[in-house]
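Please keep the structure open as you read.

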Amino acid sequence: MIPARFTGAFAPFVPLLFVVLWSTGFVGAKLGLPDCEPLTLLSLRYAAVLLVMGAVAAATRAPWPRSARACGHIAVSGLLVHAVYLGGVFTAIRLGLPAGVTALVVGLQPVLTALGAGLFLRERVRATQWAGLALGLVGVVLVVAHKVAGGGAVGALLAPAVIALAGITAGTLYQKRFCPAFDLRTGALIQFLPCLVVTSLVAWRTETMVVHWTPAFVFALGWLVLVLSVGAVSLLNVLIRSGSAVNVASLFYLTPPVTALIAWAMFGETLTGLALVGMGLTVFGVWLARK
């Protein structure tokens, strides 16, 4: 579990750090997928996370949930947030769906979460929050507009991205309602174990499971394990525990702009003036939604 002094002293920086770390997941996918099929890559990622967090949990004698029911809720949330969401995103990118289109589809999550928060969590979504969510969505559209426009025929490739959208939305709502607080060390084991089982079985049935252990792939796998699955996911669990579902979901609007900046800096991808305007709108929209 993250120490209380960390979440206290550094609480204002946790959302920003989460957004930056979460956004690098697209970079890890870009570097890793040329050498490995998506579900095979995720299976390796989940197995490595279990080894790392298992060692941490054992060394620190981390507490386990007190009931099988609590373990079940944590496991379901893990399947939705990790296996369904990441499996959909990685598969969509591997099949050729432009990253901009993928980001746009998944970018609908804050709006769907706000609707679900009112229906299932009894959270009151204020008018200013709806305005912020709307502005954030417009900003995301502007950020990825040039990639969507150049995407060609993508209709048949949208299914994995839509499944990913459903997974991250349902997972956020489910975790907030049924298991908002748990130890992050043992909780990671409970979340990622079923992800490994399900993802590896599907990979075994649908992929060759061939891996080319290039330096780029090793780096990508290490990044996805340590920075994303350990760092960013732990921060996401802290945010779900301490904030409303709408506040947490609104942060996902910032992922496409930050990813665009990282892709521009690392891979020389185009960053248009329209995208810069969209980034400004997105930041303002998220601020308004979380105000």
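1. Which residues line the largest cavity? They are Trp-22, Gly-25, Phe-26, Arg-45, Tyr-85, Leu-86, Val-89, Phe-90, Leu-224 and Leu-228. A cavity is a set of points on a 1 Å grid over the protein atoms alone where a 1.4 Å probe fits but cannot get out; lining residues have an atom within 4 Å of a point.

2. A caution comes next. This is a predicted model, where local features need pLDDT of at least 70 and side-chain atom pairs count only at pLDDT 80 or more, while totals for chains, interfaces and linings use all residues. Residues are numbered from 1 along each chain as its sequence is written, and side-chain values use heavy atoms, with hydrogens and water left out.

3. The largest cavity has a volume of about 110 Å³, the space filled by probe spheres set on the grid points, which are joined across faces, edges and corners. Helix α5 (68–95) gives the most to its lining, four residues. Helices (H or I, at least four residues) are DSSP runs, numbered from the N terminus.

4. The second largest cavity holds about 70 Å³. Trp-22, Phe-26 and Tyr-85 are among its lining residues. Helices α6 (99–106) and α13 each supply at least two residues.

5. Now look at helix α2 (residues 14–23) and helix α11 (residues 215–242). Their axes (lines fitted to C-alpha atoms over the stretch in contact) cross at roughly 145°, on a scale from 0 to 180 degrees between N-to-C directions. These axes come within 9 Å. Trp-22 of α2 and Leu-228 of α11 are among the contact residues (heavy atoms within 4.5 Å).

Notes:
1 Å grid on protein atoms, 1.4 Å probe; cavity = no way out; pocket = protein on both sides within 12 Å on 5 of 7 lines; lining within 4 Å.
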